[in-house]
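Thanks for passing this one along.

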Amino acid sequence: MNSQIYCFRASYKLSTQFDEGAVPEWLSVGVNWQGYRISTVPWIADVARALGIIEVENTPQGWISYLESLGLKDVIQVTCEDLFEDKLYC
């Protein structure tokens, strides 16, 4: 398994069809002034893929397609350092 964390941002305004209450365990989702902050949780996602619970190609583009299928819009990959920058200094 390729246990890698992928990080993304998505538009809060455009993601009107996204249900924050239905976020699967293999995603970590937060919100700030830049929009949704999303990261994969690889140790859960790898198991879910192995069990056939999710079918997502473990690439940035595969995850972007999956996130868009959940209703997120304007999804872009960002470095995880950028995504967690405010937590690095706490």
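Which residues does L72 touch, not counting residues up to four places away in sequence? I come back to L72 in point 4.

1. First, a word on the ground rules. This is a predicted model, so local features need pLDDT of at least 70 and side-chain atom pairs count only at pLDDT 80 or more, while totals for chains, interfaces and linings use all residues. Residues are numbered from 1 along each chain as its sequence is written, and side-chain values use heavy atoms, with hydrogens and water left out.

2. Four strands make up an open sheet in the order β2-β3-β1-β4, with antiparallel pairing. β2 and β4 are the edge strands, each pairing on one side only. From one strand to the next the twist averages 25°. Strands here are DSSP E runs of at least two residues, helices are H or I runs of at least four, and both are numbered from the N terminus; two strands pair if DSSP finds at least two bridges between them.

3. Now the pairings in turn. Strand β2 (residues 27–32) is joined to β3 by six bridges, and these two strands form a hairpin with two residues between them. N32 has G35 in β3 as its bridge partner. β1 and β4 also run antiparallel, joined by four bridges, and S11 has K73 in β4 as its bridge partner. Helix α2 packs on the sheet, touching β1, β2, β3 and β4, and its direction makes about 150° with that of β4 (axes are lines fitted to C-alpha atoms, for helices over the stretch in contact, and angles run from 0 to 180 degrees between N-to-C directions).

4. As for the opening question, L72 touches A10, S15, F18, Y36, I38 and L67, where contact means heavy atoms within 4.5 Å.

5. Leaving aside neighbours within four places in sequence, V78 is in contact with C7, F8, R9 and L83. V78 and R9 are 69 residues apart in sequence, yet 6.8 Å apart in space, C-alpha to C-alpha.

6. Last, the charged pair. A search of the whole structure finds one salt bridge, in which the side chains of D46 and R49 meet at 2.5 Å, N to O. By definition, a salt bridge is a side-chain nitrogen of Lys or Arg within 4 Å of a carboxyl oxygen of Asp or Glu. D46 and R49 are separated by about one helical turn because they are three residues apart in helix α1 (residues 42–50). Are these two residues, D46 and R49, buried or exposed? Both are buried, and D46 counts as such because its relative accessibility is 6%.

Methods. Buried means under 20% relative accessible area, exposed over 50%, partly exposed in between (1.4 Å probe, protein chains only).
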